Every structure is written in structure tokens, then in C-alpha cells.
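I opened the model to look up a few local features. My notes follow the figure.

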Amino acid sequence: MSREHPETMGQQFGRRSWAEPWKIKMVEPITTTDRQTRERALSEAGFNTFLLRSEDVYIDLLTDSGTNAMSDRQWSAMLLGDEAYAGSSSFYRFESAIRETYGYPRVVPTHQGRGAEHLLSQTVIKEGQIVPGNMYFTTTRLHQELAGGVFADVIIDEAHDPSSQHPFKGNIDLDKLEALIERHGAEGIAYVSLAGTVNMAGGQPYSVANAKALRELCDRHGIQIYLDATRLAENAYLIQEREPGYADKSVAEIVRELCSYTDGAWMSAKKDALVNIGGWIAVNDEDLFDSLRNLVVVYEGLHTYGGMAGRDMEAVAVGTREAVSDDHQHQRVMQVRYLGTLLQRWGVPIVEPIGGHAIFLDATRFYPHIPQDHFPAQTLAAELYAESGVRGMERGNVSAGRDPETGEHRYPALELTRLAIPRRVYTQAHMDVVAEAVKAVHDRRTATRGLRMVYEPHYLRFFQARFERREEA
Ligand code: P70
């Protein structure tokens, strides 16, 4: 760029600029931190970014879960929250928003996504049954295993290759699924666990064509499909962008169509739905609904609040409708892509194509000299925090956990550090700061050593594990 002729960001990228479809009404001050404070905080946190205090973080990209900025419409709806224990009018508004947006008639509220995963797994899975899915998610698989199920990954091979440019890396490989059905019989399969987008693959979408073919295969064998709709609106936006025949369909229409190929869905409303807490499971079948609605009172709360306050359900009702706005999704996905494109241009290895909710740094190529059992992605998350106060999250060997049969690390094909972008929270200037911080860590990568795990909890170890720096490779 010439100094005499400054260019806008859009011009630098050879396109028209986009801007946020909102203006800011309230701000939350954040402060920068110094390196010495960060080094101390990091070692107190055992080099695990989940154990840092948020006041020690400058730009928080740990997760896009529950970290969204709510709209003035959502905040004002919260004041209308009906806090009745039973039959709250807020529940009925919540139920209508979910019915209209996703199309399932029967809705059970839960406090967040894993509450819904627990209910579904306990209700539908029989001991020893296989649960095929398009890549594992940590909490989803754990609840399936706790219910006696065995997760089987049936995502297409391209999803495990961070450089594959396949536009729908979230697709299910129907041959892999068919082979499982052949081996175990349809009665040996609990249901297909489909997710849109696929978090652990890098926020990658599946296509409508794949969903239709999956429905057809499952119908032939009498197998149900349940959808993790946590980031389905982002999946729908990527379909609008990439799938032939969908450019003129709205995100809202595509969401409805995707749901029509499934038997039910569950949701962590903390993502797409633009709230800080909440979840649900919604299904077509009446008997399944009765079972879920009965079990929810054991673990979550009555079937008209499921662990949420009335005001929380109001915020979900409004946020669910805002989530399927085309303008909102455009800004959302383009902001993530802006950060990713800067890093790509500087040669920082990331998962491609850039997904819906986060940039995933490819720690295997970032730190080729750090072996996988020295936790390269955990190391990268720690180094980025030490460098800049930017907080990301490990999504590699620590997250994958141990195989329940052998007790060994699972050594996943993808060893990633995720920078998740909260919705409507940070600006383009924040993205610039993050990009430069990643570049600085990349520039001194050869001098970085890995970590040793010194404390390992039994369940979902990544949340609470502790590490020490290794002095030598
Ligand atoms: C994240 C969060 C949550 C999540 C998800 C998908 C596709 C279900 C859930 C569970 C929070 C998280 C969870 C476990 C490990 C790290 C972070 N994902 N399905 O940051 O929903 O959190 O509401 O119980 O992404 O990706 P919930």
C-alpha cells in the first residue's frame, strides 16, 4: 500500500468493504497486560488457558460460547422474563421461536448444550450401540459413551487434512456409514449424530446434497438422524455462499431445509442464538418427546424452564430470530475470514477453508519440531497468551483424551489451536492486533519447546489439566 494513497481494508483485498450491521450502545473496558504479569498468570494456570482469570486476558478468543454481545432487543426482552416455576409465558415465546426457526414441533428446554446431549444419549442409546457422527465433539462423545454407546467417526477423509480445500469438509462419508450398518446391522446403530458446522474440523459445513443422501440411506435402514444445531445458521450461510442453487435462498430458509432431513436437533444456544446461557432439544416424535420431557425434570428442571431463568428464555427467543438474519451471518463469517486471510498471507499454517466461528492454527505445521505428546497445540495457546494476552484454546491431543479401551492418548490427526470469535464483540482493529500477535509467535517458533502434563483429570481433561514447560525438545 502506498503511503500517499491509503486504501480501505476492502480495497486492499480487492473487494467492497463490509461493515457491522449494528452500532455500539454500551462498552466494556478491557486493559492491556504486561509480559511479566502474563508469565506469572500462565504458570499459576499450569499453562492451561482454561485456568486463566479473565481479568488477565486482553482479547479473549477462548470460545464463542456464551460470550456473545446481546442486542438491545434481547436486553429489553429480558425485563419481560416471567419467572413462574411452571408454565412461564417466557417458555412459550422460546418454544415458538424454536418451532418457527427450526421446524420441530416438540421442544424441551435445557440449561445448555451438554444438558441436551445428556438427555438424548440416555434416552436413545442402548448399551453397546454404535453412534456414527461427522467427527467427535468432546461433550457430545462423552455423553454418548456414558450412556453405553461407542462413537464412530464417519466424516469424509478430507476433514482430517487441514489443507484440503473441499468446500464441505463437514460431510458424512456415506460409504463409511454403510459399512458400519453392514457390520453392526441397523439395530446396532443408535442414531446418526450429525453436526453443522463441525467444530473440531475447523467450523466446516456439510452440504444440503449430503444431508439429502444421508436421509435417503437412513430411511432405507430405519435409522434416525439427530442434529447438533449449535452452529447451524453459520453452516447455512456457508451453503448459501457455496452450494449450487442456494445463492438466492435465505439463511433462515436453508436452516429450515437442513432440519427437515433430520428427526430432531439439540442446541447450545450459547453460540448461534447470541445469548450467554441456554439450550434445548427438539424432536418430531411424540414418544421420544415424552421420554425427554420426563427425564429433564430429573437433571435440569421442570419442562417449562429446563435450568434457565424466564429471562434467559426471552433472550434465546429473540436471539434465535436474529441468528438467522443474512446480514448478521455475513458480518459474522466475514470477520472470521478477515483474520484468517491475514494469517494465510503471512504464511501462518491454518485450517482451510476458513470456517464459520474460529480460526484454527495448525500446530503440527506451526511447530514441526514438537512431538504430539509434548502437546504442540497446548504450547501454542500458552505462547500466544504469553506474547500478547490473546487467549485461545487447545483442540488437539489434550482435547481428544484417552481411548477408554487402551488408556493411551488418542493422538488425533488434527492438532489445532482455536481462536474463536465471539459474536458482535470485537472490531476489525482487534482482529489486526490478534493477527500481529500470532505472527510474532510464528516468527520465533523454532526456539519454542513443548509442555509436560503434570496433572490430568479423569473427565474432559483439557478443562483442568496442568502443564510445565519443557527445557529441551
Ligand atoms: C466451544 C463450546 C460447545 C458445544 C459445541 C458443539 C458443536 C455441543 C457443545 C456443548 C464450549 C466447550 C465445550 C467443551 C470443550 C470446550 C469448549 N462448545 N456441541 O467452545 O454445548 O457448552 O452449551 O454445553 O461446540 O466450542 P455447551
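I am working from a predicted model, where local features need pLDDT of at least 70, side-chain atom pairs count only at pLDDT 80 or more, and totals for chains, interfaces and linings use all residues. Residues are numbered from 1 along each chain as its sequence is written, and side-chain values use heavy atoms, without hydrogens or water.

I looked up the strand order and found 9-12-11, an open, antiparallel sheet of three strands. Strand 9 (358-362) and strand 11 (393-395) are the edges; each has a single partner strand, so one side of each lacks a neighbour in the sheet. The twist averages 35 degrees from one strand to the next. Strands are DSSP runs of E, at least two residues; helices are runs of H or I, at least four, and both are numbered from the N terminus. Pairing needs at least two DSSP bridges between two strands. Strand 11 and strand 12 (residues 416-420) have three, antiparallel. I see M393 opposite R418 in strand 12.

F91. I located F91 in helix 4 (residues 89-102). Is F91 buried or exposed? F91 is buried, at 4% relative accessibility (buried is under 20% relative accessible area, exposed over 50%, partly exposed in between; 1.4 Å probe, protein chains only). Leaving out residues up to four places away in sequence, F91 touches V107, P109, H303, T304 and M313 (contact: heavy atoms within 4.5 Å).

Y299. I placed Y299 in helix 11 (residues 286-299). Y299 is partly exposed, with a relative accessible area of 48%.

Conventions. Axes are lines fitted to C-alpha atoms, for helices over the stretch in contact, and angles run from 0 to 180 degrees between N-to-C directions.
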